[in-house]
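Here is a briefing on one chain. Look over the sequence and the fold before reading on.

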Amino acid sequence: MNIALIAHDNSKEKMIQFTRAYQRYLEKHNLYATGTTGARIQQKVKLDIHLFRSGPLGGDQEIGAMAANNELDMVIFFRDPLTPQPHDPGISALMRLCDVYDIPLATNMGSAEILIRSLDRGDLEWRNVIREDKEKELLKKSLFFESVKSNIFHY
Ligand SMILES: O=C(CO)COP(=O)(O)O
């Protein structure tokens with residue numbers, strides 16, 4: 001499964017504690033993170049993480065693009081609920097896409113623990129079904145475009 005890890009500055013320590021505690025669970029999956037969050041985790045915890053740009057520089061949108069392509073299965077986003085962020089619209093857009101594509105989203109340690117444990121139990125297997133359906137849909141679309149192209153060149 002593809003999991004995104006994001007934390008605002010005041011919550012980065014919490015994210016490090018979380019990834020340390022659940023390292024054994026997380027290492028079985030493909031991990032993605034906004035720049036600073038991912039770099040901070042990697043300084044403390046041995047995990048292979050793909051780093052996107054820093055959140056305020058577009059990292060949330062890059063993760064949002066994964067969500068929009070249905071390539072994301074879980075988002076763990078420890079927001080700072082007490083500090084306004086300059087890129088709040090980008091943050092809301094990412095959370096909105098999680099709802100659009102039914103991507104489990106945890107914004108605090110309590111819900112993150114429930115999600116990660118249920119992933120390990122296999123409760124989130126339905127995400128595989130969604131991804132397979134999406135792949136079939138893309139295949140159908142590309143076959144359609146191929147047939148349109150060959151008809152155009154035929155005439
Ligand atoms: O701002 C963030 C998410 O909105 C996090 O970005 P960084 O991980 O680069 O600090």
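Is Thr 37 buried or exposed? Thr 37 is buried, because 29 other C-beta atoms lie within 10 Å. (A residue is buried if 20 or more other C-beta atoms lie within 10 Å of its own, exposed if 12 or fewer, and partly exposed in between; C-beta atoms are placed from the backbone.) This is a predicted model: local features need pLDDT of at least 70, side-chain atom pairs count only at pLDDT 80 or more, and totals for chains, interfaces and linings use all residues. Residues are numbered from 1 along each chain as its sequence is written.

**Overall layout**

- The chain has seven helices and five strands. Helices (H or I, at least four residues) and strands (E, at least two) are DSSP runs, numbered from the N terminus.
- Starting at the N terminus, the order of elements is β-α-α-β-α-β-α-β-α-β-α-α.
- Domain 1 covers 2–124 and domain 2 covers 129–155. These bounds come from an automatic or database domain assignment.
- Between the C-alpha centres of domain 1 and domain 2 the distance is 32 Å.
- The C-alpha trace spans about 65 × 35 × 25 Å along its principal axes.
- Of the 155 residues in the chain, 30% are buried.
- Take the contacts between residues at least 6 apart in sequence: 68% of them join residues at least 24 apart. Two residues are in contact if their C-beta atoms, placed from the backbone, lie within 7 Å.

**The sheet**

- Five strands make an open sheet with parallel pairing, ordered β3-β2-β1-β4-β5. The edges are β3 (49–51) and β5 (105–106), each of which pairs on one side only.
- Two strands pair if DSSP finds at least two bridges between them. Strand β4 (residues 74–78) and β5 run parallel and are joined by two bridges.
- Val 75 has Leu 105 in β5 as its bridge partner.
- Strands of a sheet pair through backbone hydrogen bonds, either parallel or antiparallel.

**The ligand shell**

- The ligand is surrounded by 13 residues, and the closest are Thr 34, Thr 36, Thr 37, Ser 54 and Gly 55. A residue counts as near a molecule or strand if its C-beta atom, placed from the backbone, lies within 6 Å of it.
- Helices α3 (35–44) and α4 each supply at least two residues of this shell. The most come from α3, with three residues.
- By type, the shell divides into three nonpolar, nine polar and one charged residue. Here Ala, Val, Leu, Ile, Met, Phe, Trp, Tyr, Cys and Pro count as nonpolar, Asp, Glu, Lys and Arg as charged, and the others, Gly among them, as polar.

**Annotated positions**

- The unreviewed UniProt entry lists Asp 60 under "active site". Under "binding site" the unreviewed entry lists His 8, Lys 12, Thr 34, Gly 35, Thr 36, Thr 37, Ser 54, Gly 55 and His 87.
- UniProt positions are given in the numbering used here, feature names are shortened, and annotations may be inferred rather than shown by experiment.
- Asp 60 sits in helix α4 (residues 59–68). Asp 60 is buried, because 27 other C-beta atoms lie within 10 Å.
- Leaving aside residues up to four places away in sequence, Asp 60 touches Ile 6, Thr 34, Gly 55, His 87, Gly 90, Ile 91 and Leu 94.
- Thr 37 belongs to helix α3. Not counting residues up to four places away in sequence, Thr 37 touches Leu 5, Ile 6, Ala 7, Lys 12 and Met 15.
- His 87 is in the loop between β4 and α5 (88–100). His 87 counts as partly exposed because it has 16 C-beta neighbours inside 10 Å.
- With residues up to four places away in sequence set aside, His 87 touches Gly 55, Pro 56 and Asp 60.

**Positive phi values**

- Most residues other than glycine have a negative phi, and most peptide bonds are trans.
- Asn 70 has a positive phi, near 55°, and is not a glycine. Asn 70 lies in the loop between α4 and β4. With 20 C-beta neighbours inside 10 Å, Asn 70 counts as buried.
- Asp 102 also has a positive phi, near 50°. The loop between α5 and β5 holds Asp 102. Asp 102 counts as exposed, with 11 C-beta neighbours inside 10 Å.
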